[in-house]
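Visitor: Hi, I'm new to this one and would like a slow walk through it. Could you put it up on the screen?

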Amino acid sequence: MEMAVGIHNSITPTLNPNQKGFPLSSPFLRTQLSVGRTLSSYSFSKIKSPSFSRSRRNPLPNFIKCSVSEAEATDTTTEKKVTLVRRNDIRNIAIVAHVDHGKTTLVDAMLKQAKVFRDNQVVEERIMDSNDLERERGITILSKNTSITYKDTKMNIIDTPGHSDFGGEVERVLNMVEGVLLVVDSVEGPMPQTRFVLKKALEFGLAVVVVVNKIDRPSARPEFVINSTFELFIELNASDEQCDFQAVYASGIHGKAGLSPDNLADDLGPLFESIIRCIPGPRIKKDGSLQMLVTSTEYDEHKGKIAIGRLHAGVLNRGMDVRICTSDDACRFGKVSELFVFEKFYRAPAESVEAGDICAVCGINDIQIGETIADKNDGKALPAIRVEEPTVKMAFSINTSPFVGREGKYVTSRNLRDRLYREIERNLAMKVEDGETADTFLVSGRGTLHLTILIENMRRENYEFMVGPPKVINKRIDDKLLEPYEIATVEVPEVHMGSVVELLGKRRGQMVDMQGLGSEGTTLLKYKIPTRGLLGLRNAILTASRGTAILNTIFDSYGPWAGDMSTRDLGSLVAFEDGVSTSYALISSQERGQMFIKPGMEVYKGQIVGIHQRPGDLSLNVCKKKAATNVRSNKEVSVVLDTTLDYSLDDCIEYIQEDELVEVTPKSIRMCKNPKMSKKGR
């Protein structure tokens, strides 16, 4: 097969930032050569010398490998008298990136070119985003497994979320792989989530292949992106071998890749070749006792709970008796009823699985993420999975509105409790605690999106409940109050930059960086801001920039309390009594602010029906009817009402204050005043 093959130089630079003339902006990756011919026909006699200092010079062999692969291949580990063997017929990789940098689209192209589907098969876009909520929102929420075969090598691929709120999904799957494809946008370069996932991958000691995606964009700047990525590697204390990464330039939507931005092949062949060459196969204890760490679980109506993980040692057979171990040495026994491996886009039944492969196990219904499926006789637990701590919490409680039970099937505190505690079995980054009362539960997560996705899933499962406003989780260390800070990056056109900067300043944000972005007249603002300041910020920024700004955030660290701040300047319009809203009442009500409701909608006392145009709440009678007397004229008066505000679940969560709640039902989302808080105020 004719394809463009890049010759990756095996000369590694001296990565010393203190060295005089250290070329941060000129990484050695520019020295890669790319030719449009097969490797066997290439002459190695005309290799240009790199323009930087180098620590060693190796003779060029007949086939150039990445330094990561070389370092791994020469590592013969004999710890505890157990020899680790390298499997070269498998590659386990995770695709990680910032949100909307094209991970799932790239996976689509990889699946299609690996002939996973028939030629006449109709395939949807973003195949891996199979969840309804993922398709509606256009983001990946859950990590998913698939596999392809390329030149007799099986590649297990894990597609991961790009949003920082779902970082827990990324952290737990990195235990299953030996390398990652770090996808970076050809214009934006490394973004906050890029830094987070790369940091985790480097901590695990994984090999990294950098994919500069969307290389066909008119304002693409691949040289800047590669330089920025290289500097990020240095900043995160990557080793020499990890810094010697392979760069691949790709257009995921067109299914093309190459080792030079100006010379793309007609397919993704160069990407597949780079994966095989630069990401090592799994190291396994071939003759060791069975060990498999469970990194995710699924549920099937017929098969029950399904445990997914990578086999670290031994062989797992169908029908095998096993021991389930936890980190605290508490063990129990179970039996594997069915065994599956990932073949292309589906799970294929298997009689046995060897160490190094990723598989799915059925038959152990009480299995939990982080537990180890081990040998029945002398099984030992593997280290448990650890993820970052939550930063935001919300109170979930039963629905107490007059409309309770009209739409939902599950409305009791027992139903709510069971569903929330079932969620934390799968979602490691989430925590659930009992609240002050028996019908209240405190749910903690990585961010508001992390929690609103849970709320949306629950309402689609016919749950009916109420949620309070999001609150940050503070810490007190040495009698000092600390709060979480996040790094916020805002892409905004220059004409709206002033209003956005003013808005971020009011939220106690501190500017870290500001730079122009490509040739599209966009400025990238980088701020360090308290998590409190981010609550309700997304809508405010969209309003200030007329819908053109893009906000991305990621947790940075805990810092000193930044002081008091106001996240909402206006009050709420509250319904005065129960009833059905009328046009006659809404004509006068809309003069007080913007309305959420239309004529003919049923409301109850205490329901929020609009936004007041001034600070403080105002009670309105939106159900008042026009008096029908014979004194009035029979002439019809035309009624013109303003367009109502249509707030989504995320908008409602951002809008509510301390004394307000969001009522969530399968068909409706309403906001209301908290009756418990109003009683305390009296």
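Predicted model: local features only at pLDDT ≥ 70, side-chain atom pairs only at ≥ 80, totals over all residues.

Visitor: Okay, and how do strand 15 and strand 16 pair?

Guide: Strand 15 and strand 16 are antiparallel and share five bridges, where pairing requires that DSSP finds at least two bridges between two strands. Strand 15 also pairs with strand 21 (residues 372–375), again in the antiparallel sense, over four bridges, and there Ile324 has Ile373 as its bridge partner.

Visitor: Why is strand 15 called largely enclosed?

Guide: Four of its five residues are buried, so strand 15 is largely enclosed by the rest of the structure; buried means under 20% relative accessible area, exposed means over 50%, and partly exposed lies in between, with a 1.4 Å probe and protein chains only.

Visitor: What about Ser327, buried or exposed?

Guide: Ser327 is exposed, with a relative accessible area of 56%, and it is found in the loop between strand 15 (321–325) and strand 16 (331–335).

Visitor: Which residues is Ser327 in contact with, leaving aside its neighbours within four places in sequence?

Guide: Those contacts are with Ala381 and Ala384, where contact means heavy atoms within 4.5 Å. Ser327 and Ala384 are 57 residues apart in sequence, yet their C-alpha atoms are 6.3 Å apart in space.

Visitor: Switching to helices, how many residues of helix 2 are buried?

Guide: Eight of the eleven residues in helix 2 (residues 103–113) are buried, so that helix is largely enclosed by the rest of the structure. The buried ones include Leu106, Val107 and Met110, and the buried residues of helix 2 pack against several elements, among them strand 4 (90–97), strand 5 (144–150) and helix 8 (269–278).

Visitor: And at what angle do helix 5 and helix 6 pack?

Guide: Helix 5 (residues 192–203) and helix 6 (residues 222–235) pack at about 50°, with their axes 10 Å apart; axes are lines fitted to C-alpha atoms, for helices over the stretch in contact, and angles run from 0 to 180 degrees between N-to-C directions. That makes helix 5 oblique to helix 6, since angles under 35 degrees count as roughly parallel, over 145 as roughly antiparallel, 65 to 115 as roughly perpendicular and the rest as oblique. The residues making this contact include Leu198 and Leu202 of helix 5 and Leu232 and Phe233 of helix 6.

Visitor: What order do the strands have in the open sheet of four?

Guide: The order is 34-36-32-37, with mixed pairing. Strand 34 (593–595) and strand 37 (618–620) stand at the edges with a single partner strand each, so one side of each has no neighbour in the sheet. Strand 34 runs antiparallel to strand 36 (residues 608–612), and three bridges join them, with Met595 facing its bridge partner Gly610 in strand 36.

Visitor: Last one: how many helices and strands does the protein chain have?

Guide: The chain comes to 16 helices and 39 strands, and buried residues make up 52% of its 682 residues.

Note on methods: Residues numbered from 1 in each chain as written. Heavy atoms only, no water. Helix = DSSP H or I, 4+ residues; strand = E, 2+ residues; numbered from the N terminus.
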